[in-house]
Amino acid sequence: AYARRLLHRDPAGRYTAIVMTWGPGQGTPVHDHGGLWCVEGVVEGQIAVTQYDVAPAGGEQYVVTMRDTILAGVGTAGRLIPPTDYHVISNARPDRASLTLHVYGGDLRECRVFMPQGDGRYTAQVRALSFHD
């Protein structure tokens, strides 16, 4: 099942390394990285990363448009740099777990997730992030 585990936190606060496990078919909603850069690598399995453009649509609403999807296998790494870091990450393996390593340019404690409203627009919610044991 999905889990987010702290591997290393730089004492000076410059970066954090996190290991994530993804159960078959598990994934995230569209989200950002709270203004931090990130390098993500696949350690085991296969991950689908879909990038999005997010634009204000008035008030608290956004238009979210899919750009492309990358299937990443073991040894593959990618980077996300604000302000173009909106994406969905999911386990592309329907039959087994996948494992990823994420290095963030700081301590990612919260991010914005974009939730569909059913009319083609999305609202943003700030989501606090924590670690599993």
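Tutor: Let us begin with strands. Two strands pair if DSSP finds at least two bridges between them. Helices (H or I, at least four residues) and strands (E, at least two) are DSSP runs, numbered from the N terminus. Here, β4 (38-44) and β7 (77-80) are joined by four bridges and run antiparallel. Across this pairing, Glu-40 stands opposite Gly-78 in β7.

Student: What kind of model is this, and how are the residues numbered?

Tutor: This is a predicted model, in which local features need pLDDT of at least 70 and side-chain atom pairs count only at pLDDT 80 or more, while totals for chains, interfaces and linings use all residues. Residues are numbered from 1 along each chain as its sequence is written, and side-chain values use heavy atoms, with hydrogens and water left out.

Student: In what order do the five strands of the open sheet stand?

Tutor: The order is β1-β2-β9-β4-β7, with antiparallel pairing. β1 (3-9) and β7 are at the edges with a single partner strand each, so one side of each has no neighbour in the sheet. From one strand to the next, the twist averages 25°; for such angles, axes are lines fitted to C-alpha atoms, for helices over the stretch in contact, and angles run from 0 to 180 degrees between N-to-C directions.

Student: Which other strands are joined by bridges to β10?

Tutor: Strand β3 (residues 30-31) is joined to β10 by two bridges, and the two run antiparallel. One example is His-31, whose bridge partner in β10 is Val-113. Seven bridges join β10 to strand β11 (residues 121-128), again antiparallel; among the bridge partners are Pro-116 and, in β11, Tyr-122. The hairpin of β10 and β11 has four residues between the strands, and Gly-118 takes a positive phi near 90° there.

Student: Is β8 buried or exposed?

Tutor: The general idea comes first: buried means under 20% relative accessible area, exposed over 50%, and partly exposed in between (1.4 Å probe, protein chains only). In a regular strand the side chains alternate between the two faces of the sheet. In this model, five of the five residues of β8 are buried, so the strand is largely enclosed by the rest of the structure. His-87, Ile-89 and Asn-91 are buried on one side, and Val-88 and Ser-90 on the other. Five bridges join β5 to β8, which run antiparallel, and Thr-50 has Val-88 as its bridge partner in β8. For contrast, consider Arg-79, which lies in strand β7 and counts as exposed at 55% relative accessibility.

Student: How is an aromatic pair described?

Tutor: A pair of aromatic rings is described by the distance of the centres and the angle of the planes. Rings of Phe, Tyr and Trp (its six-membered ring) pair if their centres lie within 6.5 Å; planes under 30 degrees apart count as stacked, over 60 as edge-to-face and the rest as tilted. This structure holds three aromatic pairs. In one of them, Tyr-62 and Phe-114 are edge-to-face, at 5.3 Å centre to centre and with 85° between the planes.

Student: Why does this pair tie together separate parts of the sequence?

Tutor: Tyr-62 lies in strand β6 (residues 61-73) and Phe-114 in strand β10 (residues 110-116), so the pair links parts that are 52 residues apart in sequence. Tyr-62 is buried, with a relative accessible area of 16%, and Phe-114 is buried, with a value of 1%. Tyr-86 and Phe-114 also form an edge-to-face pair, at 5.5 Å centre to centre and with 85° between the planes. Tyr-62, Tyr-86 and Phe-114 form one aromatic cluster.

Student: Which residues lie closest to the centre of the largest pocket?

Tutor: On a 1 Å grid over the protein atoms alone, a cavity is a set of points where a 1.4 Å probe fits but cannot get out, and a pocket is an open set with protein on both sides within 12 Å along at least five of seven lines; lining residues have an atom within 4 Å of a point. Grid points are joined across faces, edges and corners, and a volume is the space filled by probe spheres set on the points. The largest pocket has a volume of about 310 Å³. Of its 23 lining residues, the closest to the centre are Tyr-2, Arg-4, Thr-28, His-31 and Leu-129.
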